[in-house]
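Grab a pencil and work through a few exercises with me. Each one sets a task and then walks through the solution.

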Amino acid sequence: MMSASAVPPPAERSLAIAQARRELIDGDGPRPRGSVRVDPGITRSWQRCLEAGRRPQQRVSFEPVSRTASREVTECNRALVTAARPVIERLSRAIADTRYFAILTDARGIVVDVGTLPDGTDPAARYARDIGRIGVDLSESAIGTSAIGTALAEQESVWLHRGEHFFDDTSVYSCAGAPLFGPRGDCIGMLDLTGVQVVERPELRHLATLSARSIENLLVQREPCELLLRLLWPGCPSSETTEGLLCIDAVGHVTGANAAARQMLHQPLVCHAGGLHFNDLFALPLHMMFDAARRGDAMLEVPLWSGLRVQVRAQRGGSEHGGVPGAATDGRPRLRDVETALIRKAVTDARGNVAEAARTLGISRATVYRKLWRGRPAGD
């Protein structure tokens with residue numbers, strides 16, 4: 001997508017979109033030399049719509065949503081909606097004078113939350129109500145090319161204006177979209193900023209992207225963990241876009257991260273069998289991080305196995321969780337709890353085969369049984 005400074009005047013932009021549609025949708029000959037190209041992600045979406053047998057003149061129907069369906073989609077996405085709500089409220093204030101509004105969807109393109117819509121006196125209110133309903137399907141398969149479907153398909157931010165939407169019925173909309181990634185790195189939804197018959201504002205792509213990162217960071221901070229590590233490159237000022245967030249469990253496994261941490265550590269950090277461990281990333285013992293969190297150290301400079309160094313501030317548990325579950329009264333994880341967690345994981349990895357878990361750990365079966373029984377809650 002071109003930068004905001006490179007965006008052509010409105011008339012030239014409209015002509016470029018119209019020419020691209022004639023060439024790529026109607027097949028009416030080559031594009032004039034030097035005309036502005038449409039974003040490749042948009043043209044790929046057009047192609048998918050054509051391959052599905054769609055034509056721009058077909059009517060788009062925004063299906064009604066029952067109260068039961070609205071409640072179900074809200075409940076299934078409660079963590080996402082809760083984290084996004086304060087960000088959407090801030091967005092609604094920031095864009096209040098532009099006649100744009102915010103929409104939050106899940107990974108399928110189903111609306112799970114909506115910002116402040118235009119009031120009933122606005123001629124665009126009907127179009128806003130069509131798409132601004134919890135539970136309505138705004139996926140590419142339902143409404144063709146839009147910022148929602150394109151952002152989810154391309155997994156990157158996008159800007160669409162009027163005729164860049166595939167269907168004629170949706171050409172009244174202009175929208176910016178950014179995908180949302182959960183603490184384990186999977187795409188869990190997207191954030192959309194839409195206006196109806198409005199002036200083109202491609203700078204909203206940047207605002208949508210920053211707001212999406214804010215939502216992702218809140219999700220990571222609310223992830224249950226034993227340690228929350230805040231990462232920065234040495235000398236880099238802290239901000240929502242520069243600070244990496246890394247969730248660590250009692251035995252050192254990585255359970256969540258934000259986009260900045262995934263990029264800084266050059267790791268996908270998606271949880272899988274075995275998982276990524278603290279020791280795979282940092283060239284110092286895990287207990288030093290627990291000690292730093294207990295002491296409340298401001299920042300440590302920590303070596304990575306890559307030879308790089310990062311600054312790390314360790315906190316006990318996520319910022320939303322206060323103390324550390326299973327910790328001793330001084331805030332340090334108890335050795336017996338860490339030991340029990342390791343044994344439980346070995347048994348789980350061995351699919352319940354205690355003998356195999358004991359061989360892996362280098363201890364006897366009797367020791368496994370004794371320590372697991374000791375770690376069981378009273379009354380089990």
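This is a predicted model: local features need pLDDT of at least 70, side-chain atom pairs count only at pLDDT 80 or more; totals for chains, interfaces and linings use all residues.

**Exercise 1. Work out how helix 4 and helix 8 are oriented relative to each other.**

Step 1: Find the two elements. Helix 4 covers residues 78–94 and helix 8 covers residues 204–221.

Step 2: Get the geometry. Their axes sit 9 Å apart, and the packing angle is about 140 degrees.

Step 3: Classify the angle. Roughly antiparallel would need an angle over 145 degrees, and roughly perpendicular runs from 65 to 115. The pair is therefore oblique.

Step 4: The crossing of helix 4 and helix 8 is right-handed.

**Exercise 2. Track down the largest nonpolar core and see what surrounds Ile-131.**

Step 1: Start with the core itself. It has 33 residues, and Trp-46, Phe-62, Ile-131 and Leu-138 have the most contacts inside it.

Step 2: Ask which elements supply it. Those giving two or more residues include helix 2 (40–51), strand 1 (100–106) and strand 5 (187–196). Helix 7 gives the most, with 4 residues.

Step 3: Look for another core. A second, separate one has 27 residues, including Ala-84, Trp-159, Leu-180 and Ala-208.

Step 4: Go back to Ile-131. Skipping neighbours within four places in sequence, Ile-131 is in contact with Phe-62, Phe-101, Ile-103, Val-111, Val-136, Leu-138, Tyr-173 and Thr-194.

**Exercise 3. Decide whether Thr-241 is buried, partly exposed or exposed.**

Step 1: Thr-241 is in the loop that links strand 6 (227–232) and strand 7 (244–248).

Step 2: Check the cut-offs. Buried means under 20% relative accessible area, and exposed means over 50%. Thr-241 has 45% relative accessibility, so it counts as partly exposed.

Step 3: Look around. Leaving out residues up to four places away in sequence, Thr-241 touches Leu-210 and Ala-260. Asn-217 is 24 residues from Thr-241 in sequence, yet their C-alpha atoms are 9.2 Å apart.

**Exercise 4. Find out what covers the buried residues of helix 11.**

Step 1: List them. In helix 11 (residues 286–295), the buried residues are Leu-286, Met-289, Phe-290, Asp-291, Ala-292 and Ala-293.

Step 2: Name the cover. It includes strand 6, strand 7, helix 10 (278–281), strand 9 (300–303) and strand 10 (309–316).

Step 3: Check the end. Just after helix 11, Gly-296 has a positive phi of about 75 degrees.

Key
Residues are numbered from 1 along each chain as its sequence is written. Side-chain values use heavy atoms; hydrogens and water are left out. Axes are lines fitted to C-alpha atoms, for helices over the stretch in contact, and angles run from 0 to 180 degrees between N-to-C directions. Angles under 35 degrees count as roughly parallel, over 145 as roughly antiparallel, 65 to 115 as roughly perpendicular and the rest as oblique. A crossing is left-handed if the near helix is turned anticlockwise from the far one by less than a right angle, and right-handed if clockwise. A nonpolar core is a set of buried Ala, Val, Leu, Ile, Met, Phe, Trp, Tyr and Cys residues joined through side-chain atoms within 4.5 Å. Buried means under 20% relative accessible area, exposed over 50%, partly exposed in between (1.4 Å probe, protein chains only). Contact means heavy atoms within 4.5 Å.
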